[in-house]
Amino acid sequence: MGALPKKTDDQTILLGVGLMLVTLLACAMGMLLVWFAMLRENPVFWTNVGGYPVWLRDLVLLTYLPLFVGTGLGLSVLSMICFLRVCRSRRFFIVESLVLLTCWGLLATSGYIALANNVRNFIDGRDLHEHRQ
């Protein structure tokens with residue numbers, strides 16, 4: 001059995017670029033989650049008065065939680081890959097870490113928006129997911 005072949009500089013660059021592209025995709029998913037969370041907690045969004053299309057209401061209703069969980073799991077894996085992988089470039093590591101922090105911040109913001117209304121309702125003794133008109 002021979003030793004494993006060493007990665008060439010081209011492979012390292014491709015791996016780094018791929019990792020950054022996937023992280024930027026996760027960042028876009030985080031932005032989408034924040035938008036979905038704001039829509040979910042807007043009482044006008046769920047009525048015909050708001051002018052939002054029914055397909056958008058259905059999309060938010062059906063995809064918010066799976067998207068939230070999937071993004072959280074994906075960010076966990078990306079974070080482990082970023083911090084466990086030996087990187088030759090400090091600059092790349094710093095940029096990747098900053099983008100990951102932004103993604104985690106967007107995910108936390110989305111979770112806060114979605115949770116804040118339910119906490120207020122619980123404290124006030126109202127049903128969960130109730131919106132004041």
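**Helix α2 against helix α3**

Student: What makes the crossing of α2 and α3 left-handed or right-handed?

Tutor: In this predicted model, α2 passes α3 in a left-handed crossing, because the near helix is turned anticlockwise from the far one by less than a right angle (clockwise would be right-handed). Local features here need pLDDT of at least 70, and residues are numbered from 1 along each chain.

Student: Why is α2 called roughly antiparallel to α3?

Tutor: Helix α2 (residues 54-84) and helix α3 (residues 90-124) pack at about 155 degrees, with axes 11 Å apart. Angles over 145 count as roughly antiparallel, so α2 is roughly antiparallel to α3.

Student: Which residues make the contact?

Tutor: Contact means heavy atoms within 4.5 Å. Among them are Tyr64, Phe68 and Leu75 of α2, and Phe93, Leu100 and Trp104 of α3.

Student: How do you know what span to expect for α3?

Tutor: The expected span is 1.5 Å times one less than the number of residues. With 35 residues, α3 reaches 50 Å from its first C-alpha to its last, close to the 51 Å expected.

Note on methods:
Predicted model: local features only at pLDDT ≥ 70, side-chain atom pairs only at ≥ 80, totals over all residues. Heavy atoms only, no water. Axes fitted to C-alpha atoms, helices over the stretch in contact; angles between N-to-C directions. Helix = DSSP H or I, 4+ residues; strand = E, 2+ residues; numbered from the N terminus. Parallel < 35°, antiparallel > 145°, perpendicular 65-115°, else oblique.
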